[in-house]
Amino acid sequence: MAVDLFLLCGFLGSGKTTLLVDYLRDPAGADTGVIVNEAGEVGVDGAIVANDSGNVPMTLLANGCVCCSLRSDLVHTLGALLDAPRRDGEGPLKRVILECSGLSRPGPVIASLADPEVTSRGVRLTVVCTDDCARDPDALAEMDEAMAQFGAAHRIVLTKTDLLPASALQARAARAAALNPLAAVIAEPDRLLAVRAAFAPARGASDLAGLAARMLACGAAATAHPRIRVMAARARAGISWTDFSEWLDNLAGFCGERLLRVKAVVRVSECAEPILIQSVGTTFSAPQRLTRQPDASDAIIVIARDIDAEAIRASAPDAPVEMLT
């Protein structure tokens, strides 16, 4: 049976632990295991979760950030949590929530989850990022760790929405969507509905080609912040996998830590079906053949910080992939 793994991230003080505890208190959160990662030796957030959520299977990864020093521990801990005996009458865990430190970058965490011990279990990963409505979004966009978290997100959950007037909530949601249009933005003032939406089972692929078309229609002026660029690109017709993978390598090498996210559906000459490629930062997941979506349209979305399409084009003027915006 597939297991949903939620990587819960968000900058310091953005409401991650409160969101997690609220979910665990809800009957919808039954059959959930929790891993809490904290950078310090004293597990404060872990203690809060344990105190407020009842008898939830939980493990604390303390004294180190899971995105750098505890990768093997994470794989081992996840396996142990899934294999742990359950009380009589309880079925297997349906989901595990990994709450990361507020300073964690999701890319290395996701890379560690590519371990065969994890992939063999059919784990479905969803990255959930909290967006603190009490914090100035312009100041947040200046913080590299926060932008890495935003860029990795599959879902962005607006927290502390009660601190915003109702008229300002949708504007804040639109700003979050502009920072990462690949993410679903949860701007729900009803706390219970927001919590349940944050940890709902993983969904299918979004309409990437439609998103790229809307971006091109709006133009580059729709950028949410001067440091963040959301760009569309187009691969040359009949491109080979070798040429496309080399372009991805060159893109990652040129951008380095400035690369926040890549998501692409591309047809390559060696494969009958379109290929789905995703990265968080410079960490790329294995290519996935879209056998159930043979008619999916080609599209490439690149999200980067402090770099624009013109600079990427100039770095490789003869590249087989053209940056459009």
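**Close-ups of a predicted model: spaces and rings**

**View 1. What lines the largest cavity.** By class, the lining counts 5 nonpolar and 3 charged residues, with no polar ones. This is a predicted model, and it holds 1 cavity of 30 Å³ or more. The space inside the largest cavity comes to about 40 Å³. Look for Asp131, Pro137, Leu140, Phe150, Arg172, Arg175, Ala176 and Leu179, which make up the lining of the largest cavity. Helix α8 (166-179) and helix α6 (137-140) each put at least two residues into that lining. Of the contributors, α8 gives the most, with 4 residues.

**View 2. The largest pocket.** Now for the open space: the largest pocket has a volume of about 1,500 Å³. It is lined by 44 residues, and the closest to its centre are Leu125, His154, Leu276, Gln278 and Gln288. Elements that give two or more residues to this lining include the helices α4 (106-112), α5 (116-119) and α10 (208-218). Sorted by class, the pocket lining has 22 nonpolar, 13 polar and 9 charged residues.

**View 3. Phe6 meets Phe199.** The structure holds 4 aromatic pairs, and here is one of them. The ring centres of Phe6 and Phe199 are 5.5 Å apart with the planes at 90°, so this pair is edge-to-face; over 60 degrees is what that label takes. Phe6 sits in strand β1 (residues 3-10) and Phe199 in the loop between α9 (191-198) and α10, so the contact ties together parts that lie 193 residues apart in sequence. Both Phe6 and Phe199 are buried.

**View 4. Tyr23 joins in.** Tyr23 also pairs with Phe199, this time in a tilted arrangement, with 4.8 Å from centre to centre and 40° between the planes. This pair links distant parts of the chain too, with Tyr23 in helix α1 (residues 16-25) and Phe199 in the loop between α9 and α10, 176 residues apart. Tyr23 has a relative accessibility of 3%, so it counts as buried. Phe199, at 2%, counts as buried as well.

**View 5. A charge over a ring.** Last stop: Arg258 and Phe254. The charged end of Arg258 sits over the Phe254 ring, 5.5 Å from the ring centre.

Methods. Residues numbered from 1 in each chain as written. Predicted model: local features only at pLDDT ≥ 70, side-chain atom pairs only at ≥ 80, totals over all residues. Heavy atoms only, no water. 1 Å grid on protein atoms, 1.4 Å probe; cavity = no way out; pocket = protein on both sides within 12 Å on 5 of 7 lines; lining within 4 Å. Points joined across faces, edges and corners; volume = space filled by probe spheres on them. Nonpolar A, V, L, I, M, F, W, Y, C, P; charged D, E, K, R; others polar. Phe/Tyr/Trp six-rings, centres within 6.5 Å; stacked < 30°, edge-to-face > 60°. Buried < 20%, exposed > 50% of the residue type's maximum accessible area, 1.4 Å probe, protein only. Lys NZ or Arg CZ within 6 Å of the ring centre and 35° of its normal.
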